[in-house]
Amino acid sequence: LLEGSEGLEPNKLLRLEIFFSAMLRHSGHQPRLLWKLLSEQPKFFVQVLELNYRPEKRPKRGPSTDHDEIARAKAACEILDGWEGTPGAEFSPDEREEYLYQWTRSVLDHAQESRRSRGATIEVAKVLARAPYGKDKLWPCLAARRFLEEHLDGLFGCLHAEGFNRR
């Protein structure tokens, strides 16, 4: 269905890629526009994240019984788990590190505004953990080390866990 999608309106293609994200993930085909937006638009990344994580510091409630909300959360989870990209991957190593740092900063800022900081920290750690090594051939990448030096709450633990899980 999405093979000859070049002529489709971008919004329609994006809706199709989101709707079929779970099937695409297991079919070997990649949702190109969806991955591009996650990589290039931190606010879009946070919008997907908002579907999967509830706001922090709000009254506790039981599990949702809203089937649409559950379906959106599952789709968002599939999207975040299925994306293996790294923002700035197409740039030179120095440019990539700066782009990744700025992308991460923007994601964390937007997530804080929507009270999803913990969820953003978890998801950003996944992205930083899979980023290519820095020029010094050390893990994690330089962008991740810059954030660790800033002592961002929870990032060290999440990044450590992701590094362990990626072995």
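**Exercise 1. Determine how the axes of H3 and H4 are placed relative to each other.**

This is a predicted model, in which local features need pLDDT of at least 70, side-chain atom pairs count only at pLDDT 80 or more, and totals for chains, interfaces and linings use all residues. Residues are numbered from 1 along each chain as its sequence is written, and side-chain values use heavy atoms, without hydrogens and water.

Step 1. The two axes, lines fitted to C-alpha atoms over the stretch in contact, with angles from 0 to 180 degrees between N-to-C directions, come within 5 Å and cross at roughly 110 degrees.

Step 2. Angles of 65 to 115 degrees count as roughly perpendicular; H3 and H4 are therefore roughly perpendicular to each other.

**Exercise 2. Identify which residues of H3 meet which residues of H4.**

Step 1. Contact means heavy atoms within 4.5 Å. From H3 come Leu34, Leu37, Leu38 and Glu40, and from H4 come Pro42, Phe44, Phe45 and Val48.

Step 2. By class, this contact holds 7 nonpolar, no polar and 1 charged residues. Here Ala, Val, Leu, Ile, Met, Phe, Trp, Tyr, Cys and Pro count as nonpolar, Asp, Glu, Lys and Arg as charged, and the others, Gly among them, as polar.

**Exercise 3. State which residues touch the most other members of the largest nonpolar core.**

Step 1. Such a core is a set of buried (under 20% relative accessible area, 1.4 Å probe, protein chains only) Ala, Val, Leu, Ile, Met, Phe, Trp, Tyr and Cys residues joined through side-chain atoms within 4.5 Å.

Step 2. The core has 34 residues, and Leu38, Phe45, Leu100, Trp103 and Leu128 touch the most other members.

Technical notes
Buried means under 20% relative accessible area, exposed over 50%, partly exposed in between (1.4 Å probe, protein chains only). Helices (H or I, at least four residues) and strands (E, at least two) are DSSP runs, numbered from the N terminus. Angles under 35 degrees count as roughly parallel, over 145 as roughly antiparallel, 65 to 115 as roughly perpendicular and the rest as oblique.
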